[in-house]
Amino acid sequence: MGVEMACVEDIDELVELRLAYLREDNGELDAAVVAGVQKGLPSYYHAHLGKDLFVHVVREGGVIASCAFLLLVEKPLSPAFPNGKTGTVLNVYTRPSARRRGYARRVMQALLGHAQEMGLCVIDLKATDAGYPLYKTLGFADDHSKYHPMQWINCG
């Protein structure tokens with residue numbers, strides 16, 4: 001069972017997996033949030049999949065069992081990212097019935113190999129407590145920056 005790249009034919013399943021991930025991460029979601037995700041994500045995937053969003057998947061019985069998203073972000077060059085090519089890992093998710101089989105490791109290894117091929121110099125992610133040990137074994141390190149992570153939020 002190898003790792004593949006998701007394609008446009010997988011969009012409905014990717015929406016389903018994104019919602020499953022969001023429910024696990026945030027608890028039960030408001031019906032309006034679910035409706036918004038179901039309405040907006042397909043067009044997002046159509047516009048970005050295979051361009052600046054790469055979804056690595058493992059299938060089990062023809063169904064996506066595990067996935068990891070790599071979002072490419074090109075930034076102005078700096079000492080921290082000398083070629084400006086960076087990525088963010090999102091939505092690393094394995095269906096509960098497929099867990100403890102090494103799928104998350106496999107999709108992440110494929111994702112990192114793909115990132116190397118594309119010349120990305122930095123990849124960041126936000127790790128849950130459950131995912132943290134896996135990412136450490138894959139070479140991710142804690143960010144000990146002099147900067148404070150902050151957000152400006154301007155939505156509903």
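Modeller: We shall take the pockets of this structure in turn. The model is predicted, so to speak of local features requires pLDDT of at least 70 and side-chain atom pairs count only at pLDDT 80 or more, while totals for chains, interfaces and linings use all residues. Residues are numbered from 1 along each chain as its sequence is written, and side-chain values use heavy atoms, without hydrogens and water.

Colleague: How much space lies in the largest pocket?

Modeller: Rolling a probe the size of a water molecule over the atoms shows where empty space is left. Here, the largest pocket holds about 1800 Å³. Among its 48 lining residues, Leu 125, Lys 126, Ala 127, Thr 128 and Tyr 135 are the closest to the centre. A pocket is an open set of points on a 1 Å grid over the protein atoms alone, where a 1.4 Å probe fits, with protein on both sides within 12 Å along at least five of seven lines; lining residues have an atom within 4 Å of a point. A volume is the space filled by probe spheres set on the points, which are joined across faces, edges and corners.

Colleague: Which element gives the most to that lining of the largest pocket?

Modeller: Strand 4 does, with seven residues. Strands (E, at least two residues) and helices (H or I, at least four) are DSSP runs numbered from the N terminus.

Colleague: Which residues line the second largest pocket?

Modeller: The lining includes Leu 112, Ala 115 and Gln 116, and helix 3 supplies the largest share, three residues. This pocket has about 180 Å³ of space.
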